[in-house]
Amino acid sequence: MLDNTKWIIHPQNKLHEPVTFIKRLELSNKVKRATLKITSLGCYYATIDGERVGDFILAPGFTSRKRVQCQSYDVTKMLKQGSILEVTVGDGWYLGKINFNAPKTDKKALIAELEIVYKDGTHCLITTDQDWLVKKDKLRFAELYDGEIYDALFEDTPVNAQVYKHDKTLIVKQQGEYIKEQETLTPVSIFTAPNGDTIVDFGQNLTGYFEIELNASAGDRVAFTVCEELDKNGNFYNENYRDARACFEYICKDGYNKYKPRLAFWGFRYMRIDSFPVQITKDNIRAIVVHSSIKRTGYLDSSSPLLNKLFSNIIWGQRGNFLDIPTDCPQRDERQGWTGDATVFCKTASYNFDVERFFEKWLTDMSLDQGKTGYIPHVIPQTLAWDWATAETSGAVWGDSATIIPYQMYLTYASKHILKSQYPTMCRYIGYIESVTTDKYLWTGCGQFGDWLALDAHEGSYRGASSDDFIASVFYYNSVCILARTAKILGKGYKRHEAKAQKILSKIRATFPEPKTQTECTLSLYFGITEDKPTIAKRLADMIIENDTRLKTGFVGTPFLLHALSQNGYTELAYELLLQEKFPSWLYSVKQGATTIWEHWDGKNEKGEFWSRDMNSFNHYAYGSVADWVYEVACGIHTVESAPGFERVLISPTPTKKLAHLNAKLQTRHGTIISKWYNEGEKTHYEITTPVPATIIIDGKVYEKEEGTYHF
Ligand code: BGC
């Protein structure tokens, strides 16, 4: 792609300092069609005569360093003789602090071609070269973690651009969803904190940026810093952003000023006004929600306002973290594609929104960044450069993103093409496990993340008390099972994978006969390890009840906990956990005022004190994975493995008297599935709509139905 054009740079390229490339467009005739093909090393923002080209925010997106996506825009209507094409390029993901791996020698660079077809049938190709001009931009500083500084008064004298020798084979077509502005929020309040700070509250923890609008004098300064939570005294608190400065500064020109950031994003609910030339009002500021353009498909609603708030928080957690890649969190100095977080959340994610294309792109980057030995880096794209991250290892669950996510895409969307393209990556990943384990047919003796952030962790540890070797072996077994199923679907030899899975299962059974913790029991039940389900299920239930009906599980146990209970006769206990309001629980955070999902069960204690500045995000979606239990078990909407993508559906709701009603609506590729139930006296009523042939199970009775709406 872009074969006839060249990468160009500013001759004095400086990190964090955006530059603007300029081209005056000389047209020889009336334009019939004009297409701009463009990409950059860094993020770009293009305009023609001051008007933005396209609506892709932070283009060209975040990929493996082994490729860069190229966008194509129809600009026919924007062109006139003498039009000025300007493209501002900043660090973005490619060169910013987020990319710990970025070679120091790489530079912010632009490559583009504008193809014009004139009405008289002639063509012309305008390409990037040394005749383009380039200058330092009014956007004086842009860095994803640190924010933006814009000086409306700044002017620089343009110089000629320099041609930059850089690999063009990296350039590929846009594969992912476009990142776009999605919604604008006005402040719910602007108030003075006890310590005198002026604070704007948008009422929702969100990801994106803001727009300011004000009349000012030349040189007046606007400055904000953002945060997610206020401290126990009601003052601004952003220590949990760690080294991300998350600031914004704007130097005004005389008169009317209107501005929104171009090359940065923030995760925030509140904003501290560090400087504003006039008394700030709600008319001066709004928040703009930004994320990948994934279509909402799943809706949950119940009779409990707290539960509904949890559902809303799960949706906002996904919106805040599906920004080109599935990030762990959008605010602190991470915002990385942590694989484990995506693994445990991908099923819920695929019901809430249509994420097929979103994950397909990210999985492509996974394949590109997979190590020589087959290991899956802990974050995708691979950006980490710390010792443990470059040790070329995978951790269980995190690495299992290579098998679990493609297979979930197959179940939810029938994406056989994703299974096909990811199959070699899956095979190499299993090969990696076999090359590092200390015990054939188990995954033992390797560094693991364990049951990350579980509450039974030893003092000072992030890893729960569950056995690392047990967790790793169970997920190894699960991945080999997925590999076998995938091989079968693709018409490849699968018997040897099945045989291997059986051997792993026997070895796990022999080596770990007695699951002890909540997470160990959960995994043992959910993944079919134990041969004595009633005993282990009772053990799990007893542990929960002895703990005052509260969980202790972390990232690994939590997504499967309610399933393990409801599959083994403890549905009511599962509901009790879902509806538990005391710490630790999902609704505890809701009662503490959460508007997204917290990283830690104990992010904030009852006194309003924070867990630690170290690792305390208030927008981490992992525990939001509980929604898949609500769709699948409480409302009963199941994918059917033999007819994936909801070509058929199994609907078997399991109601409770603890709620008056519960509804789920799921827009599938084959139409909308609705499963509702409500209680009236002793009776439970069901209303089920299916767009496809369905097996419906109500109170143990099986009904085979064609498409339609049914009442029971
Ligand atoms: C991230 C997590 C991630 C973990 C793994 C953290 O810093 O925020 O969500 O999975 O590291 O160690």
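**Entry 1: the second largest cavity**

I began with what lines the second largest cavity, and I found five nonpolar residues, three polar and no charged. I kept in mind that this is a predicted model. The residues I wrote down for this lining are Ser 585, Trp 586, Ser 589, Ile 597, Trp 598, His 600, Trp 601 and Tyr 623. About 60 Å³ of space lies inside the second largest cavity.

**Entry 2: the other cavities**

How many cavities of 30 Å³ or more does the whole structure hold? My search came back with four. The largest cavity holds about 100 Å³ of space. I counted 14 residues along its lining, and Gly 61, Phe 62, Thr 63, Arg 67 and Tyr 94 are the closest to its centre. Two elements give two or more residues to that lining: strand 6 (68–74) and helix 1 (92–95). I sorted the lining of the largest cavity too, and it divides into five nonpolar, seven polar and two charged residues.

A reminder to myself on the method: rolling a probe the size of a water molecule over the atoms shows where empty space is left.

**Entry 3: the largest pocket**

Next I turned to pockets. The largest pocket has a volume of about 810 Å³. Its lining is made of 31 residues, and those nearest the centre are Lys 347, Gln 408, Leu 411, Tyr 526 and Glu 632. I then noted which elements give two or more residues to this lining: helix 3 (339–352), helix 5 (401–413), helix 7 (468–489), helix 11 (558–566) and helix 14 (627–634). Which helix gives the most? I found that helix 7 does, with six residues. By kind, the pocket lining divides into 16 nonpolar, 10 polar and five charged residues.

**Entry 4: helix 8**

At 1.5 Å a residue, its 17 residues should span 24 Å, and the end C-alpha atoms are 24 Å apart, so the two values agree.

Then I asked which residues of helix 8 are buried. My list reads His 497, Lys 500, Ala 501, Ile 504, Leu 505 and Ile 508. Seen down the axis of helix 8, these buried residues fall within an arc of 145°, so they line one face of the helix. The buried residues of helix 8 pack against helix 6 (416–436) and helix 7. On the other side of helix 8, I found Lys 495, Arg 496 and Ala 510 exposed.

**Entry 5: Ile 380**

I looked up Ile 380 in the loop between helix 4 (356–369) and helix 5. Is Ile 380 buried or exposed? Its relative accessible area is 0%, so I marked it as buried. Setting aside residues up to four places away in sequence, Ile 380 touches Ile 325, Gly 337, Thr 339, Trp 362, Asp 365, Met 366 and Asp 369. I also took one distance: Ile 380 and Asn 13 are 367 residues apart in sequence and 27 Å apart in space, C-alpha to C-alpha.

**Entry 6: Lys 135**

My last stop was Lys 135, in strand 10 (residues 133–136). Its relative accessible area is 18%. Buried means under 20%, so Lys 135 counts as buried. Leaving out neighbours within four places in sequence, I noted its contacts as His 10, Val 19, Thr 20, Ile 22, Glu 86, Asp 156, Thr 157 and Pro 158.

Note on methods. Residues are numbered from 1 along each chain as its sequence is written. This is a predicted model: local features need pLDDT of at least 70, side-chain atom pairs count only at pLDDT 80 or more; totals for chains, interfaces and linings use all residues. Side-chain values use heavy atoms; hydrogens and water are left out. On a 1 Å grid over the protein atoms alone, a cavity is a set of points where a 1.4 Å probe fits but cannot get out, and a pocket is an open set with protein on both sides within 12 Å along at least five of seven lines; lining residues have an atom within 4 Å of a point. Grid points are joined across faces, edges and corners, and a volume is the space filled by probe spheres set on the points. Helices (H or I, at least four residues) and strands (E, at least two) are DSSP runs, numbered from the N terminus. Ala, Val, Leu, Ile, Met, Phe, Trp, Tyr, Cys and Pro count as nonpolar, Asp, Glu, Lys and Arg as charged, and the others, Gly among them, as polar. The expected span of a helix is 1.5 Å times one less than its number of residues. Buried means under 20% relative accessible area, exposed over 50%, partly exposed in between (1.4 Å probe, protein chains only). The arc is that of the directions from the helix axis to the C-beta atoms. Contact means heavy atoms within 4.5 Å.
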